[in-house]
Amino acid sequence: MAGVGGGTSGGGGGGDAEMGGWTGLLHSSTKLLEQAAPTPHFPPLQRNLDQLEALSTKLKSKTIRAEAPTQSLSATRLLAREGINAEQLARDLKSFELKTTFEDVFPSEATSVEEYLQQLHEMAIVSSIQEAQKDNLRSFNNYMMQVLEDDWQNEKRDFLQSLSRLSTLPKRNTNLVASGMTRPALMQPSTSSPYASSGLPSSDVMPIPNKTIIENKSAVYAVVVKDLNDARGRGLPFSPATAFRAAYESLSIDAIGTKSVTMQKMWHLIQALVGEGLTHQNVSRKMSLVIGARRHLEWGHEKYILETINSHPALAALGGSVGNLQKIRAFLRVRLRDQGVLDFDATDLRRQPPVDTTWQQIYFCLRTGYYDEARQVAQSSRAAYNFAPLLAEWISTNGAVSPDTALAASEECDKMLRMGDRPGRPGYDRKKLLLYAIICGCRRQIDRLLKDLPTLFNTIEDFLWFKLSALREYTSAPSNVLNEGLVPYTLDDLQSYLNKFEPSYYTKSGKDPLIYPYILFLSIQLLPAILYLSKEVGEDGYHVDAVHISIALADHGVLPDGVGSAQKMGVMDACAEAASIIRQYGSVYLRNGNIDLALEYYAQAASAMGGGEVSWIGKGNADQQRQRSLMLKQLLTEILLRDGGIQLLLGPSGMGEEGELKKYMMDWRSRQQFLLEAAHRCQEAGLYDKSVEIHKRVGAFAMALQTINKCLSDAICAMARSMLDGESRATALIHSGNEILEATRYSSEASVQDKDLISEQQTVLRQLEAILHIYRLARAGQTVDALREIIKLPFLHLDPQAPNVPVDIFRNLSPHVQACVPDLLKVALNCIDNIRDTDGTLRAVKSKIANLVASNMNRNWPQDLYQKVAQCI
């Protein structure tokens with residue numbers, strides 16, 4: 001405490017000394033003020049301490065500015081004399097960025113050439129090793145991914161095959177949810193549409209408010225599928241791609257968006273690929289697809305040209321001209337606005353040579369699909385005089401020019417590429433080189449052109465249009481190739497080149513997901529594109545679009561030509577892949593109880609398996625027809641086994657004349673055979689009621705009675721085991737059997753053989769009915785009456801008055817009645833136990849029962865029956 005007190009005392013002393021100093025200063029200043037004589041020039045001023053501090057600070061700042069170095073003031077005056085702002089220069093110097101120098105990368109001592117090259121060599125080796133490690137890792141990952149995908153495909157195929165055997169059984173659980181489609185749109189059954197023949201969707205294709213995109217897509221697409229099936233069933237023309245496109249456009253999904261490829265654009269491409277409304281003469285189906293893809297790109301470029309013209313109306317100067325060539329020239333005025341006067345706008349050729357646009361006009365006419373205008377420009381231009389006949393042949397043959405024409409175009413390409421842009425000589429027009437390369441169609445020229453001019457194309461569409469225009473359908477015939485230098489560029493070459501890049505390269509890492517399938521469709525890789533879209537399960541519903549794109553392509557039968565170079569599969573494999581996608585989509589409706597729409601999609605799945613439209617009219621090959629028939633029967637059976645399936649397929653009566661089955665099986669005999677097979681499947685699945693109903697529809701009354709007798713026998717056995725529903729079930733079956741017998745009396749379709757079979761089953765029904773009556777008497781306690789009825793049964797031979805002659809009672813007895821005999825004998829023994837034997841009749845009956853059981857020991861009857869007989873003897 002002493003230390004603390006001492007410190008405090010010392011602090012107080014220092015404060016007193018400081019206060020004393022201020023007091024002395026104040027006393028001195030007061031004396032000076034008293035001694036100073038007042039002057040009129042300086043009046044006295046009163047200031048407090050704060051004011052004095054502020055004035056002193058201001059005075060100090062002026063003194064510092066006055067003490068600036070002379071060199072700084074001189075520099076400022078010099079900069080001001082030259083018009084340079086010193087303050088701005090100071091701010092710029094503060095933001096000046098220092099960059100690394102050569103010495104920062106390499107040591108300053110490495111100044112010799114040998115050391116510099118040594119360091120570069122080491123860096124190159126290290127970089128090569130790192131790149132090789134990355135390549136090895138990437139290759140390993142790709143290989144493992146491919147192995148996993150192959151294993152997954154095998155597992156999926158095995159799983160689907162196992163499901164196909166179980167899919168015909170009715171499923172109790174209806175809460176199964178398909179991936180990406182939790183609530184499929186439920187459509188009301190609709191009648192035939194008047195728009196079916198035109199290929200346009202019905203007027204009720206409207207988006208449903210407050211629904212998701214997937215549900216709206218499913219709803220509008222389903223209407224088109226129903227119209228398509230209706231048109232095919234009636235033999236009317238229908239354009240599915242056109243109808244699907246119109247249905248999608250009615251949703252107005254792509255009205256606002258920033259994606260370069262939309263599903264609306266995709267549907268236009270599908271429509272162009274299948275060529276609805278167009279015919280290509282003397283070309284294969286694969287080349288027809290190529291021409292369709294090229295036409296789509298030309299349609300897109302025409303839209304681009306019109307948008308460019310509308311964006312620059314003053315530069316385009318289109319005026320009132322609406323011709324195609326005028327549009328191209330208006331576009332060129334905008335595109336070449338910085339190159340001077342163009343040749344078609346030049347009025348005075350003596351002033352300045354105009355820009356020659358001959359090759360530009362021809363190229364953009366072809367790029368936009370204006371073939372006649374391109375030929376017109378080539379024929380009227382002196383520069384393209386030699387090119388005009390080559391172009392005319394290319395247009396008239398859809399690109400399949402003669403070897404002589406291809407050779408002439410190839411030589412012209414060689415000449416231009418050798419010439420190049422030499423100093424002192426005019427260079428060649430790149431568009432001219434492109435046009436000659438298209439006419440040539442030579443793989444060597446195309447590869448060389450793209451290698452020498454990698455920046456030749458601005459967009460992927462321009463690149464693909466050039467490749468699609470230049471490719472040829474290559475065969476190994478000697479007439480197609482004059483020499484090794486004229487090997488044509490083929491579709492496989494294009495597909496192999498495009499497949500070198502990952503999907504993320506095209507989709508910009510998923511930002512524009514439709515670009516990759518769009519590229520696949522343009523390169524005629526139809527099935528890979530569909531499979532890619534079907535895996536895109538999201539809120540945009542691209543997997544729903546994939547299903548209906550596969551329906552449109554399968555209907556035209558083009559899927560086997562669009563497998564792609566990366567996947568080697570047969571015709572039926574491609575059709576089966578598409579059919580599987582359509583079937584799985586239809587099964588979603590089936591699990592949700594909408595069997596009407598499930599039937600529509602199942603019909604399309606079978607049609608895809610059979611080759612599309614040709615399968616409806618029986619023009620497909622034998623293998624396709626067989627595959628379609630097998631799949632259609634399997635899928636229709638799956639529908640038939642569902643609740644309401646018989647009513648949907650067969651109608652209120654008959655074998656399908658009034659139902660949907662007639663649309664898919666027009667022949668009476670094929671429907672009959674299908675229904676008999678379906679009834680057999682119902683019996684195997686334990687669906688006896690459906691089996692009976694189907695047999696009645698077909699007119700197979702004997703088979704229906706046989707099924708009823710089987711079920712009645714089971715019900716009687718259940719009744720013998722004291723099951724609650726046995727008697728009620730048996731009563732209902734007897735009623736059904738009597739209805740069938742009544743129907744046979746008025747049926748004119750039953751033959752003599754059928755009537756004999758019906759008579760046999762009627763006998764069995766009456767025997768079972770008698771056994772049921774005995775059980776009812778026994779249950780009611782009427783043992784005497786029950787025993788009397790048992791003795792009366794002719795097939796048991798229990799009459800005590802009859803002689804004991806061994807008889808095989810089971811030789812002509814129905815198996816359904818045989819199943820009831822053991823329980824019936826136990827009932828007889830129980831009745832005997834409750835009745836007093838007065839005349840030995842019951843003993844005789846017991847003896848006959850014992851002999852009957854002893855003679856049938858090999859039948860493995862219940863053990864309690866043997867025990868009961870042993871007790872009674």
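Start by selecting Ser-469: beyond its neighbours within four places in sequence, it is in contact with Arg-294, Trp-394 and Ile-438. Keep in mind as you look around that this is a predicted model.

Is Ser-469 buried or exposed? Ser-469 counts as buried because its relative accessibility is 1%, below the 20% cut-off.

From here, follow Trp-394, one of the contacts of Ser-469, into the next stop. Select residues 371-380 for helix 14 and residues 387-396 for helix 15; the two pack at an angle of about 165°, with their axes 9 Å apart. Helix 14 is therefore roughly antiparallel to helix 15. Turn the view and you can follow helix 14 as it passes helix 15 in a left-handed crossing.

On the helix 14 side, pick Tyr-371, Ala-374, Arg-375, Ala-378 and Gln-379; they meet Ala-388, Leu-391, Ala-392, Trp-394 and Ile-395 of helix 15. Colour this contact by class and you get eight nonpolar residues, one polar and one charged.

Finally, zoom out to the whole protein. Its secondary structure comes to 40 helices and zero strands, and 42% of its 873 residues count as buried. Switch to a surface view for the last stop: the accessible surface comes to about 48600 Å², with 53% belonging to carbon and sulfur atoms.

Conventions
Residues are numbered from 1 along each chain as its sequence is written. This is a predicted model: local features need pLDDT of at least 70, side-chain atom pairs count only at pLDDT 80 or more; totals for chains, interfaces and linings use all residues. Side-chain values use heavy atoms; hydrogens and water are left out. Axes are lines fitted to C-alpha atoms, for helices over the stretch in contact, and angles run from 0 to 180 degrees between N-to-C directions. Helices (H or I, at least four residues) and strands (E, at least two) are DSSP runs, numbered from the N terminus. Angles under 35 degrees count as roughly parallel, over 145 as roughly antiparallel, 65 to 115 as roughly perpendicular and the rest as oblique. A crossing is left-handed if the near helix is turned anticlockwise from the far one by less than a right angle, and right-handed if clockwise. Contact means heavy atoms within 4.5 Å. Ala, Val, Leu, Ile, Met, Phe, Trp, Tyr, Cys and Pro count as nonpolar, Asp, Glu, Lys and Arg as charged, and the others, Gly among them, as polar. Buried means under 20% relative accessible area, exposed over 50%, partly exposed in between (1.4 Å probe, protein chains only). Accessible areas come from the Shrake-Rupley method with a 1.4 Å probe; for residues, only the protein chains shown count as cover.
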